[in-house]
Amino acid sequence: ISALNKAQDLFESKIVIVSQKEIGINEPTEQDVISVGTLRQINAVQEINGIFRIRVTGVERVIVKNIHKSSYLSKPSFDCEYELFPMIKEEISAQTEKMVKDIMATLSNPETAVSSLPRPIIYRLEKGVSVEDFTNIISKYLDMPFEKRVDLISDSSISSRVKKLSLLLTNGKVSEEVERDINRQINEKNKQAQREYVLREK
């Protein structure tokens with residue numbers, strides 16, 4: 001609550017939200033949270049019988065650094081530094097688009113093992129979103145092992161994320177041709193990003 005008050009009073013109602021690795025830790029340190037989080041805009045805060053309901057809107061994905069304890073209005077809180085998450089700029093190939101359609105078909109099928117994905121989320125995906133948002137939404141709502149969720153949200157390549165989701169939903173079955181194509185794209189984009197970084201440094 002102190003963090004909410006501080007965000008509303010001092011930071012234009014913006015707050016950084018991250019996930020804890022272990023929910024039972026009451027006073028997490030930097031090592032206890034996932035470093036990739038979301039900068040969010042607080043739209044509304046409502047208290048009902050001592051329980052707070054908060055409505056927020058995502059602004060940017062961020063990498064969180066230097067979390068430390070602080071206080072606001074004599075209440076304990078946490079502060080942090082952050083930077084924008086560096087997504088790799090890449091064109092979406094026909095192979096990746098096909099994999100997205102195959103993933104959507106699997107998610108939309110009520111007879112599949114992943115039909116527990118909330119229907120409002122499926123409807124939202126069916127209306128059409130960018131491939132990046134597609135992977136962000138599924139990474140958030142799809143039931144999966146914690147380490148796989150962390151691996152997905154920490155991946156800066158959209159094509160790589162789509163491949164991982166496809167593998168997850170097909171129990172590791174993906175054609176060698178698709179895998180080679182995506183790996184080639186990822187390697188090319190990584191090399192390009194490294195070259196651009198070197199040029200900027202010079």
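**Helix packing and pockets**

Helix α2 passes helix α3 in a left-handed crossing, that is, with the near helix turned anticlockwise from the far one by less than a right angle. The model is predicted, and local features were considered at pLDDT of at least 70, side-chain atom pairs at pLDDT 80 or more, and totals for chains, interfaces and linings over all residues. Numbering starts from 1 along each chain as its sequence is written, and side-chain values rest on heavy atoms, without hydrogens or water. Helices (DSSP H or I, at least four residues) and strands (E, at least two) are numbered from the N terminus.

Helix α2 spans residues 94-108 and helix α3 residues 119-127; the two pack at an angle of about 150°, and their axes are 10 Å apart (lines fitted to C-alpha atoms over the stretch in contact; angles from 0 to 180 degrees between N-to-C directions). Helix α2 is therefore roughly antiparallel to α3 (over 145 degrees; under 35 is roughly parallel, 65 to 115 roughly perpendicular, the rest oblique). On the α2 side, the contact (heavy atoms within 4.5 Å) consists of M104, L107 and S108, which meet R119, I122, L125 and E126 of α3. By class, the residues of this contact are four nonpolar, one polar and two charged (nonpolar: Ala, Val, Leu, Ile, Met, Phe, Trp, Tyr, Cys, Pro; charged: Asp, Glu, Lys, Arg; polar: the others, Gly among them).

Helix α2 also packs against helix α6, with axes that come within 10 Å and cross at roughly 40°. This crossing of α2 and α6 is left-handed. From α2, the residues T96, M99, V100, I103 and L107 take part, and from α6 the residues S159, V162, K163, L165, S166 and L169. Seven of the residues in the contact of α2 with α6 are nonpolar, three are polar and one is charged.

Helix α4 contributes V131, E132, T135, N136 and I138 to the contact, while α6 contributes I158, R161, V162 and L165. The contact of α4 with α6 comprises five nonpolar, two polar and two charged residues.

The largest pocket has a volume of about 1100 Å³. A pocket is an open set of points on a 1 Å grid where a 1.4 Å probe fits, with protein on both sides within 12 Å along at least five of seven lines, and lining residues have an atom within 4 Å of a point; volume is the space filled by probe spheres on the points. The largest pocket is lined by 31 residues, of which A3, I15, V16, S77 and F78 are the closest to its centre. Two or more lining residues come from each of α1 (2-10), β1 (14-17), β3 (51-72) and β4 (75-84). Strand β4 provides the largest share, seven residues. The lining of the largest pocket contains 21 nonpolar, six polar and four charged residues.

The second largest pocket holds about 870 Å³ of space. Its lining has 30 residues, and T38, R40, R61, N136 and K140 are the closest to the centre. At least two lining residues are supplied by each of β2 (36-48), β3, α4 (131-141) and α5 (146-153). Helix α4 gives the most, eight residues. In the lining of the second largest pocket, 14 residues are nonpolar, seven polar and nine charged.
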